[in-house]
Amino acid sequence: MHIPADLTYGYGFAQLITFNIPLTFYLGWCMEYRYHALIEGRSTRSLSVKDFIKNHWTFILIVSLQAWGVLSYYRAYGAATVILGPLRTWSLFFAIFLRRKALTIPKHEVEHAVMNGIAYSEEES
């Protein structure tokens with residue numbers, strides 16, 4: 001899978017559409033999920049496999065597509081590109097790290113973010 005130079009912009013656009021934008025929306029949902037879990041006093045960690053798939057299917061899809069891209073990079077360009085290539089490999093690990101952070105953020109940080117959001121919305125009014 002060689003990418004001709006004149007199609008590089010299209011590859012970047014596809015990365016934005018299939019990974020970056022959906023990941024941003026998903027991480028926002030994770031923050032809201034964590035916020036409501038803290039309000040209701042329930043844990044975000046104790047999910048069965050069925051509940052995990054039901055609640056986080058979008059993340060599974062996003063990461064699967066990205067992993068497929070890493071595999072295709074490996075087949076086309078070799079191991080050095082996979083290790084050194086920030087577009088696919090690093091973003092895959094970064095997405096997993098950000099998901100973990102969004103679902104385990106401490107209560108005081110969530111409260112701080114909510115209070116800053118309320119103060120910001122009152123300033124706009």
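Biologist: Where is the kink in α2 centred?
Modeller: On H56. The kink in α2 is about 80 degrees. A bend at a residue is the angle between axes fitted to the seven residues ending there and the seven starting there. Helices here are DSSP runs (H or I, at least four residues; strands are E, at least two), numbered from the N terminus.
Biologist: Before I go on, what kind of model is this?
Modeller: This is a predicted model, where local features need pLDDT of at least 70, side-chain atom pairs count only at pLDDT 80 or more, and totals for chains, interfaces and linings use all residues. Residues are numbered from 1 along each chain as its sequence is written, and side-chain values use heavy atoms, with hydrogens and water left out.
Biologist: Back to α2. What does α2 span between its end C-alpha atoms?
Modeller: Only 35 Å. A straight helix of 29 residues would span 42 Å at 1.5 Å a residue. The expected span is 1.5 Å times one less than the number of residues.
Biologist: Which residues of α2 are buried?
Modeller: H56, F59, I62, V63, Q66, G69, V70, S72 and Y73. Buried means under 20% relative accessible area, exposed means over 50%, and partly exposed is in between (1.4 Å probe, protein chains only).
Biologist: And what covers them?
Modeller: The cover includes α1 (8-40), α3 (79-84) and α4 (86-103). Contact means heavy atoms within 4.5 Å.
Biologist: What follows α2?
Modeller: G78 does, with a positive phi near 100 degrees.
Biologist: Which residues form the nonpolar patch on the surface?
Modeller: V49, I53, W57, I60, L61 and L65. Together they have about 580 Å² of accessible area. Areas come from the Shrake-Rupley method with a 1.4 Å probe, and for residues only the protein chains shown count as cover. Patch residues have over 30% relative accessible area and no salt bridge; like charges are joined within 9 Å, nonpolar side chains (Val, Leu, Ile, Met, Phe, Trp, Tyr) within 5 Å. A salt bridge is a side-chain nitrogen of Lys or Arg within 4 Å of a carboxyl oxygen of Asp or Glu.
Biologist: Why does L65 count as partly exposed?
Modeller: Because its relative accessible area is 41%. L65 is found in α2, residues 49-77.
Biologist: New topic. How does α1 bend?
Modeller: By about 40 degrees, at L16. Still, α1 reaches 47 Å from its first C-alpha to its last, close to the 48 Å expected for its 33 residues. Among its buried residues are Y11, F19, Y26 and C30. Just after α1, G41 takes a positive phi of about 75 degrees.
Biologist: What about α4, how far apart are its end C-alpha atoms?
Modeller: They are 24 Å apart, which agrees with the 26 Å that its 18 residues should span. Its buried residues, including R88, L92 and R99, pack against α1, α2 and α3.
Biologist: Is T89 buried or exposed?
Modeller: Buried, with a relative accessible area of 10%. T89 touches V70 and V82, leaving aside residues up to four places away in sequence.
Biologist: And K101?
Modeller: K101 lies in α4. K101 counts as partly exposed, at 47% relative accessibility. K101 and M31 are 70 residues apart in sequence but 9.2 Å apart in space, C-alpha to C-alpha.
Biologist: Last one. How many helices and strands are there?
Modeller: Five helices and zero strands. Of the 125 residues, 27% count as buried.
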